[in-house]
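User: I'm new to this one and would like to learn how to read its features. Can you walk me through a few?

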Amino acid sequence: MTQGFPTIAIPAIQSSAESSSITLNKEQISWLSSINLICMPLGCLFSGMFAQYLGKRRAMQLVNLPMLAAWLLFYYATCTEHMYLALCFVGIGGGLMEAAVITYVAEITDPKYRGMFSALATTCVSLGVFTQFLLGSLMHWRTVAIVSTVIPLFSIAMLCFVPESPVWLIRERRFLDAVKALQWLRGWVSEKTVETEFKQLYDELITQKSARKTVEDQVSSSLGHSLKKKLHMWHKRSFVVPFLLVLLTFFICHFSGKTPIRSYAVLIFATLKAPINKNNATILLGISELLATILGAVFIHSTGKRPLVFTSMLGTGACISGIAIYTHSLDIRELTGIETVNASMSMLNNSILHNGMASQLSPVNVHSYLEWIPLLLVLLAAFFANLGIRMIPWVLIGEVFPAEIRSSASGFAGCMGYLFGFLANKMFLLMISVLTLPGTFAFYACVSFIGIIILYFIMPETEGCTLGEIEAHFSKKSDVNLLRKTKKDNSQNDDAKVLDIE
């Protein structure tokens with residue numbers, strides 16, 4: 001919800017007739033639009049340590065406090081600096097929340113449902129943004145802020161009734177609490193029902209790790225490098241390979257056009273001369289994103305992650321290619337009306353229809369029904385992007401990292417994801433000035449198509465796998481090929497074992 005609030009607050013403050021000490025110039029508007037994005041990576045860096053030290057549930061409760069403070073600051077703000085401070089709280093709180101929420105969902109869910117529940121996080125973000133847009137159309141922006149304080153208070157209260165992550169409890173050697181947590185999470189079942197699952201988690205988190213730790217401690221002590229010992233897990237293949245995979249999916253997600261399309265939606269619709277009101281077109285964009293995230297969360301369990309992601313990227317690339325061809329055919333080389341749009345991009349000067357773009361369109365004689373083509377292409381591009389490639393990095397973050405550093409690694413990866421999003425937004429106008437508008441969209445389409453080829457060979461199918469199986473895959477210690485979900489040749493495994501013994 002906090003991500004959608006600046007969008008409704010900025011134009012409301014600008015157009016407000018009431019006497020207020022809050023005034024916004026162009027520079028202040030740019031900061032209000034981006035300061036939370038700058039602070040989110042900072043929160044992400046510390047979110048892993050925060051969640052690992054306090055526990056996932058307690059961390060999720062505490063990060064609601066800066067959110068509550070932010071909503072109250074928004075409501076009582078009397079100057080621009082108060083708005084800045086509130087947005088800093090929003091960014092840091094949102095960043096701190098990343099590792100706790102993502103890893104908690106991944107650790108408490110049954111493997112066959114984990115992908116679906118992890119994908120719901122993206123759906124909730126879209127729903128929160130859409131809710132802010134809806135409230136902003138019905139209420140004063142200060143009223144929206146005070147109403148929104150209900151959400152963090154409700155979250156803190158409800159989290160009192162859910163158990164801590166069994167994985168975190170086992171790693172803290174609170175075995176009885178871990179068994180009780182599993183009983184609650186699997187539907188208030190008997191202790192015998194969760195006995196097998198508990199033993200599997202115990203074997204993965206305690207038995208196997210202890211055996212490896214004994215060998216590693218002997219090597220570390222002989223080297224005498226304490227710092228190297230602390231950083232050892234961050235150098236292992238089990239972290240480096242999945243981290244690079246997550247970074248790649250984040251890059252494809254943001255630089256396939258999804259992020260700039262959302263941020264510059266009204267301006268893009270105006271440039272492409274959408275046949276309906278630009279603000280209504282933006283609402284349709286939000287609905288298409290929300291619908292796609294819901295469908296993605298529903299289908300990820302039955303289709304698996306790989307088919308969903310490839311379909312998403314193929315659809316996104318095709319739609320973005322269509323936009324590139326359309327703008328090239330009409331010789332639309334840049335966005336129209338940049339000088340007349342405010343930071344929220346919710347209001348455009350009426351003269352936009354009479355400037356350069358209008359003169360470009362007039363000789364082409366575009367028929368009315370053809371004017372719907374770019375609108376549909378943009379909406380479909382947003383739909384396909386949110387169907388898979390937008391949510392998949394956040395789903396993978398909770399699954400692919402080793403248990404010892406899962407929280408810290410998730411926070412670090414989330415930080416990089418937000419940085420990629422920030423760069424995609426900031427570079428959009430620069431790319432248009434260098435590559436032109438058709439060239440920029442062609443670049444985004446190429447990222448999608450090339451991304452399909454790369455991910456086909458490196459992204460495993462983790463749907464239905466336990467966290468231990470996923471970690472073993474990236475450590476090259478598994479007899480299952482998650483790229484194909486097939487067993488490796490047993491003779492090869494036997495040869496490998498002989499080599500290990502020798």
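User: Let's start with H14: how many of its 19 residues are buried?

Analyst: Keep in mind that this is a predicted model. A residue counts as buried when its relative accessible area is under 20%. In H14, 14 of the 19 residues are buried, so the helix is mostly covered.

User: Now for a single residue. Is serine 410 buried or exposed?

Analyst: Serine 410 has a relative accessibility of 1%, so it counts as buried. You'll find it in helix H22, which covers residues 406-458.

User: Which residues does serine 410 touch?

Analyst: Leaving out residues up to four places away in sequence, serine 410 touches Ala99, Thr103, Ile397, Phe401 and Ile405.

User: Zooming out, how many helices and strands are in the protein chain?

Analyst: The chain has 24 helices and two strands. Of its 502 residues, 51% are buried. Among the chain's contacts with a separation of 6 or more, 80% are between residues 24 or more positions apart.

User: What about the accessible surface of the protein chain?

Analyst: That comes to about 23200 Å², and carbon and sulfur atoms account for 66% of it.

How values were computed: Residues are numbered from 1 along each chain as its sequence is written. This is a predicted model: local features need pLDDT of at least 70, side-chain atom pairs count only at pLDDT 80 or more; totals for chains, interfaces and linings use all residues. Side-chain values use heavy atoms; hydrogens and water are left out. Buried means under 20% relative accessible area, exposed over 50%, partly exposed in between (1.4 Å probe, protein chains only). Helices (H or I, at least four residues) and strands (E, at least two) are DSSP runs, numbered from the N terminus. Contact means heavy atoms within 4.5 Å. Accessible areas come from the Shrake-Rupley method with a 1.4 Å probe; for residues, only the protein chains shown count as cover.
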